[in-house]
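Subject: Structure handover

Hello,

I am passing this structure on to you.

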Amino acid sequence: MKTVKVLLTAVIVTIAYSTFIQSAEDNSNSTAKGETMKAEDPLRAKIQEKLRTTKGKVALTDAEWQLLLTPTQYYVCREKGTERAFTGDYYNSKKKGTYKCSACGAKLFSSDTKFDSGTGWPSFWRPANDAGVRTEEDSTLGVQRTEVLCSRCDSHLGHVFNDGPAPTHLRYCINSVSLELDEDKNSE
Ligand SMILES: [Zn+2]
């Protein structure tokens, strides 16, 4: 009888101990995960929320843009960089939909005005609405060009030239990385 009691106690102690170890491990796992989430998500979510809820013009700090955008997006949109020709997602795309600003989500161009310019960058002969983009004279690289920017967030999009097709004869030469296609699923 005494042996049984000792055995039973040993079994109970073992079960209790292993349960304790298990729950301690669970706790440490969830804490670790929680901390990684905390390190990046709330700030980013707060900036995205600011973009979503701001009507009209948005102004974020460089640090906020850096947190929100990929390094390539930041280089092109905020530092006026240019992606290499024939490397972007959209230069060859024939998909229907609305091209939005990849930085702030504003509607910029419609696939209806996209044409194959052979330049290796997505090209449009007109913006979706004139107020959506604004232009600025650009004399960097020793050439006079007209820069195209997103009216809402001032992100660099590309340049506009006078050698496009009718009816406007304009060619909006835009970096793929500055765009995000909102695909029109009903058009096919
Ligand atoms: Zn924008």
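Below is what was found, from the overall layout down to single residues.

Please keep in mind that this is a predicted model.

Overall layout

The protein chain has 188 residues, and buried residues make up 26% of them. Its secondary structure comes to 3 helices and 9 strands. The order is simple to follow. From the N terminus, the elements run α-α-α-β-β-β-β-β-β-β-β-β. Contacts across the sequence matter for reading the fold. Of the contacts in the chain with a separation of 6 or more, 55% join residues 24 or more positions apart.

The three-stranded sheet

Start with the open sheet of 3 strands. Its order is β2-β1-β9, and the pairing is antiparallel. β2 and β9 stand at the edges with a single partner strand each, so one side of each has no neighbour in the sheet. From one strand to the next, the twist averages 35°. β1 and β9 are joined by 5 bridges. Within β9, Leu179 is the residue opposite Cys101.

The six-stranded sheet

The other open sheet to look at has 6 strands. They come in the order β3-β4-β8-β7-β6-β5, again with antiparallel pairing. Its edge strands are β3 (114-115) and β5 (133-138), and each of these pairs on one side only.

- β5 and β6 run antiparallel, with 6 bridges between them. Val133 has Cys150 in β6 as its bridge partner.
- β6 and β7 are antiparallel too, over 4 bridges. Val148 is bridged to Gly158 in β7.
- β6 and β7 form a hairpin with 5 residues between the strands, and Asp154 in this hairpin takes a positive phi near 65°.
- β7 and β8 pair in the antiparallel sense, over 4 bridges. His159 stands opposite Cys173 in β8.

The nonpolar core

Which residues have the most contacts inside the largest nonpolar core? They are Cys101, Cys104, Leu108, Cys150, Tyr172 and Ile174, in a core of 28 residues. Several elements give two or more residues to this core: α3 (71-78), β1 (97-101), β2 (107-110), β6 (145-150), β7 (156-161), β8 (171-174) and β9 (179-183). β8 gives the most, with 3 residues. As background, nonpolar side chains in soluble globular proteins tend to be buried together.

Leaving out residues up to four places away in sequence, Leu108 touches Tyr99, Lys100, Cys101, Pro127, Ala128, Gly132, Val133, Cys150 and Leu179.

Last, turn to α3. Gln73, Val76 and Cys77 are its buried residues. Seen down the helix axis, the buried residues of α3 fall within an arc of 90°, so they line one face of the helix. What do these buried residues pack against? The answer is β7. After α3 comes Lys80, with a positive phi near 55°.

Where to begin

Finish with α3, whose buried residues pack against β7.

Best wishes

Key
Residues numbered from 1 in each chain as written. Predicted model: local features only at pLDDT ≥ 70, side-chain atom pairs only at ≥ 80, totals over all residues. Buried ≥ 20, exposed ≤ 12 C-beta atoms within 10 Å, placed from the backbone. Contact = placed C-beta atoms within 7 Å. Core = buried A, V, L, I, M, F, W, Y, C linked by C-beta atoms within 7 Å. Pairing = 2+ DSSP bridges. Axes fitted to C-alpha atoms, helices over the stretch in contact; angles between N-to-C directions. Arc of directions from axis to C-beta.
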